[in-house]
Amino acid sequence: MLTQSLLRNARISLGRPHCRTYVLSSGHGVSVAATPLLSCRSSAVRTCFRGYATKNKVKSTSTIVPGSQQPITDEAARQEYAKAEAAMKTSVDWFRKECAASEARAMGRVTPALLSPVRVKLPDNPKPMKLEDLATVGVREGTTLLVTLFNEHTVKHVEAALYESGIPGVVPHRQDSRTIKVPLPRPTIEARKEIFAAAKRKAEEIRVQIRKQHAASLKRGKYEKRSVELEEFQKLNDKYIKEVDKILADLQKATGMSK
């Protein structure tokens with residue numbers, strides 16, 4: 001039959017990318033024109049095509065974040081980090097205020113802030129109280145601090161707290177049942193040395209507090225070695241240690257003290 005003859009004589013070529021196959025047949029003295037049957041560039045073939053990078057194309061690394069700059073993603077670690085940073089910052093801020101008062105004292109400036117570190121222990125209160133909660137502090141003649149108590153029954157406790165405060169040059173003198181005078185003459189070279197030495201001791205205490213907070217955070221977190229958390233906590237520790245060193249160096253420069 002004609003149809004079977006056409007199929008038997010069909011020749012399909014799929015090897016060339018742009019080939020087209022025609023059915024050529026003649027029968028019963030009738031010529032049949034060539035008819036396109038199949039194109040090898042079908043949609044199925046095209047979808048299988050895969051492109052490759054050329055030698056001239058370079059993949060950009062601008063969006064890749066180095067391990068040292070990756071943030072902490074674990075929520076518990078982030079909370080611990082915030083807690084540690086708050087504690088370290090509080091310690092450093094306290095030391096900064098202490099050094100500001102020490103600098104004022106070393107330069108001969110008399111201000112009520114010089115007595116801000118004083119804490120008073122009362123028999124009926126287990127928690128030490130700030131001096132400003134029990135008295136007012138004023139300046140007289142530029143060289144004397146005048147402490148006026150709210151309650152005369154606390155005078156001996158306030159006087160004892162002034163003695164025990166460890167503030168260089170502070171020697172209280174009771175004037176009456178509610179008033180204590182603290183004369184502060186202009187500091188000598190020896191007095192400035194003592195002021196700076198006291199600041200150095202406080203600086204070391206703050207460094208110890210920062211390191212303890214750092215160690216406690218790592219113990220609670222139990223972070224893996226070479227983890228982002230370990231690196232970030234170490235950088236936090238180093239940051240506040242450096243701040244303490246800078247504050248102390250600034251005080252040393254201001255007071256003219258050598259190392």
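Strands here are DSSP runs of E with at least two residues, helices are runs of H or I with at least four, and both are numbered from the N terminus. The model is predicted, so to speak of local features requires pLDDT of at least 70 and side-chain atom pairs count only at pLDDT 80 or more, while totals for chains, interfaces and linings use all residues. Residues are numbered from 1 along each chain as its sequence is written, and side-chain values use heavy atoms, with hydrogens and water left out.

We turn next to the nonpolar cores. A core is a set of buried Ala, Val, Leu, Ile, Met, Phe, Trp, Tyr and Cys residues joined through side-chain atoms within 4.5 Å. Buried means under 20% relative accessible area, exposed over 50%, and partly exposed in between (1.4 Å probe, protein chains only). The largest core has 23 residues, and those with the most contacts inside it include Val-92, Ile-210 and Tyr-240. Helix 3 (75–106), helix 5 (189–221) and helix 6 (228–255) each supply at least two of its residues, with the largest share, 9 residues, coming from helix 6. A second, separate core of 22 residues includes Leu-149 and Ile-180.

Gln-213 sits in helix 5 and is buried, at 18% relative accessible area. Beyond its neighbours within four places in sequence, Gln-213 contacts Glu-80, Ala-84, Ala-87, Met-88 and Arg-220.

Finally, the structure holds 2 aromatic pairs. Rings of Phe, Tyr and Trp (its six-membered ring) pair if their centres lie within 6.5 Å; planes under 30 degrees apart are stacked, over 60 edge-to-face, and the rest tilted. Tyr-81 and Phe-233 are edge-to-face because their planes stand at 65°, with centres 5.5 Å apart. Since Tyr-81 lies in helix 3 and Phe-233 in helix 6, this pair ties together parts 152 residues apart in sequence. Phe-233 is buried at 0%, whereas Tyr-81 is partly exposed at 22%. Tyr-223 and Phe-233 are stacked, 5.5 Å centre to centre with 20° between the planes.

Notes: Contact means heavy atoms within 4.5 Å.
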